Amino acid sequence: MSLRQPLRLEPVLREKVWGGERLRALYPEIAAGVQEAVGEAWCLVDRERASSVVAEGPLAGRTLRGLMLSEQEALLGATTPDPDGSFPLLIKLIDTRRHLSVQVHPDEATARRMGGEHAGKDESWLVLEAEEGSEVYLGLAEGVDARAFAEAGSSPELVDLLQSHPVHAGDFVQVPAGTVHAIGGGLLVAEVQQNSDTTFRIYDWDRADHSGIRRPTNLDDALQAISFDSHPPEPGPPAWDEHGANRSAQLTSGSAFETELLRIHEAQGRDLDGHAGALLVVDGCGSLRTGSGGDAQDHALERGHTWLLPADLGRHTLLPGDGDFTLLSVRALRGREVTA
C-alpha cells in the first residue's frame, strides 16, 4: 500500500504531578476525561503502552504501531526503525507548572554496556512559552567530577552542582545523551527525542505524588551514564535564514533526526528526500498541499496539530493561512543501534 497523504495524529495526554493547564486548554476535548494536571502531550509516539492514532482521513482510527507493522516501507522509506520495529522518534509538548526531576539519559554505547532494556536517547527542546524567571538546568558546573556528584547524591545540594540557564519563548535547548538536565517550572516546551524510555532520575526536589509517595531515584545508574567531560551548547534563540518571504532555522542535524523551525509567509515547496518526517504546528495556521492540478488536496494545519509525513508523500507545499505561521519540522533518519 502507498501512503501518499499526510496523517494527522491525536495527542496522547499524560498526567504529571508537575503538570499545568496549558495542554488542557490546547486540547480541551481530549483533556475532558483527564482528572489530574496534564504535564505532557505525546504528539507522535509508537510504544507498546501508547501509540498515536490517526485522527482523520481514510486511515482514521489506525494506530502508528499498526501502520509500522503493515506499511513500514511506505511510511519509513530510507529511515530505519528501532531494533524492535517501532518508529524511531517521540515528539512531545511539555507543560511545567513545577520543575521536572533532575535526570540523565545514556548514550547508545553506554546503554549497550549497561545491557537489559536500556536504550540511548538524545533530545532537544524548543521553548514555546516561558513565564518570567523561567530556567532550565543543563550540564554540570565547572570542575564537578564524578566524586563530587556522588557525594552530593540525591539531595538538595546536588542543585548547586548544575548549570542553570534563564530561557525565554523562542529559545532552543540541545540535550545530548549523557547530559544532566531538568526543565524548570513555568514553561511550555516542544521536545523531540529518540524513542527511548531510559531515564535515570537523580533528584526530584523532595517531592511526593498525590499518594504521598516519593518517586525512586537512580543515582548509581546515573553515574554510569553522565558524561562528565561534555559541555552542551548554551540555550538561546536559533539563527534564522531568509528564503524570500519565508524564514528557517536549523536546530539539530544529528545522525538520528534533524529538526528545523519554519516560519511560512508564502507558499514553500518541500521534500523529505525519501525519509519519514513530521510537522508540529507551533503558531498560526495554514495548509499542506499534496498532489497537483485536479488531484491537489489541501490539509488544514492548526496550532497544536501534529502531522506524520510518510516517506511516500514526496514533494508537498506549505501554504500560509491568515498571516505567517510557524512549524517545527522533523526528519527521522535512523533508529537506535541493535543492543548486543
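**Exercise 1. A proline in a loop**

Task: In which loop does P156 lie, and is P156 buried or exposed, or in between?

Solution: 
1. P156 lies in the loop between α6 (146-152) and β11 (162-166).
2. The model is predicted, and these values are computed from it.
3. The relative accessibility of P156 is 43%.
4. Now compare sequence and space. P156 and E191 are 35 residues apart in sequence. Their C-alpha atoms are 26 Å apart.

**Exercise 2. The aromatic cluster**

Solution: 
1. The count comes to 3 aromatic pairs.
2. Take Y137 and W205. Their ring centres are 5.7 Å apart, and the cut-off for a pair is 6.5 Å.
3. The angle between the planes is 45°. Stacked needs under 30 degrees and edge-to-face over 60, so this pair is tilted.
4. Y137 is in strand β10 (residues 135-140). W205 is in the loop between β15 (200-203) and α7 (219-225). The pair links distant parts of the chain, 68 residues apart.
5. Y137 has 8% relative accessibility, so Y137 counts as buried. W205 has 24%, so W205 counts as partly exposed.
6. Widen the view. Y137, Y203 and W205 form one aromatic cluster.

**Exercise 3. Charges over rings**

Task: Which arginine lies over the face of W42, and which sits over the ring of W240?

Solution: 
1. Start with W42. R47 lies over its face, 5.3 Å from the ring centre.
2. Go to W240. The charged end of R263 sits over this ring, 4.4 Å from the centre.
3. Check the distance cut-off, which is 6 Å. The value for R47 is 5.3 Å. The value for R263 is 4.4 Å.

**Exercise 4. The sheet of 8 strands**

Task: What is the strand order in the open sheet of 8 strands, and which strands stand at its edges?

Solution: 
1. The order is β6-β1-β23-β20-β25-β18-β17-β16, with antiparallel pairing.
2. β6 and β16 (241-243) stand at the edges. Each has a single partner strand, so one side of each is left without a neighbour in the sheet.
3. Look at β1 and β6. Strand β6 covers residues 53-54. The two strands pair in the antiparallel sense over 2 bridges. L9 has V54 as its bridge partner in β6. E10 stands opposite V53.
4. Look at β1 and β23. Strand β1 covers residues 7-10, and β23 covers residues 306-309. They run antiparallel and are joined by 3 bridges. Here L9 stands opposite T306.
5. L9 has V54 as its partner in β6 and faces T306 in β23.

**Exercise 5. The sheet of 4 strands**

Task: What is the order of the open sheet of 4 strands, and what is its average twist?

Solution: 
1. The order is β19-β24-β21-β22, with antiparallel pairing.
2. The edge strands are β19 (268-270) and β22 (297-302). Each pairs on one side only.
3. The twist averages 25° from one strand to the next.
4. β19 pairs with β24 (residues 316-320) over 3 bridges, in the antiparallel sense. In β24, L318 is the bridge partner of Q268.

**Exercise 6. The largest pocket**

Task: What is the volume of the largest pocket, and which strand gives the largest share of its lining?

Solution: 
1. The volume is about 650 Å³.
2. The lining has 34 residues. The closest to the pocket centre are K16, E40, K92, R201 and R215.
3. Find the strands. β2 (12-20), β3 (38-44), β7 (89-96), β9 (123-130), β13 (181-183) and β14 (187-194) each supply at least two lining residues.
4. β2 gives the largest share, with 5 residues.

Terms used. Residues numbered from 1 in each chain as written. Predicted model: local features only at pLDDT ≥ 70, side-chain atom pairs only at ≥ 80, totals over all residues. Heavy atoms only, no water. Phe/Tyr/Trp six-rings, centres within 6.5 Å; stacked < 30°, edge-to-face > 60°. Buried < 20%, exposed > 50% of the residue type's maximum accessible area, 1.4 Å probe, protein only. Lys NZ or Arg CZ within 6 Å of the ring centre and 35° of its normal. Pairing = 2+ DSSP bridges. Axes fitted to C-alpha atoms, helices over the stretch in contact; angles between N-to-C directions. 1 Å grid on protein atoms, 1.4 Å probe; cavity = no way out; pocket = protein on both sides within 12 Å on 5 of 7 lines; lining within 4 Å. Points joined across faces, edges and corners; volume = space filled by probe spheres on them.
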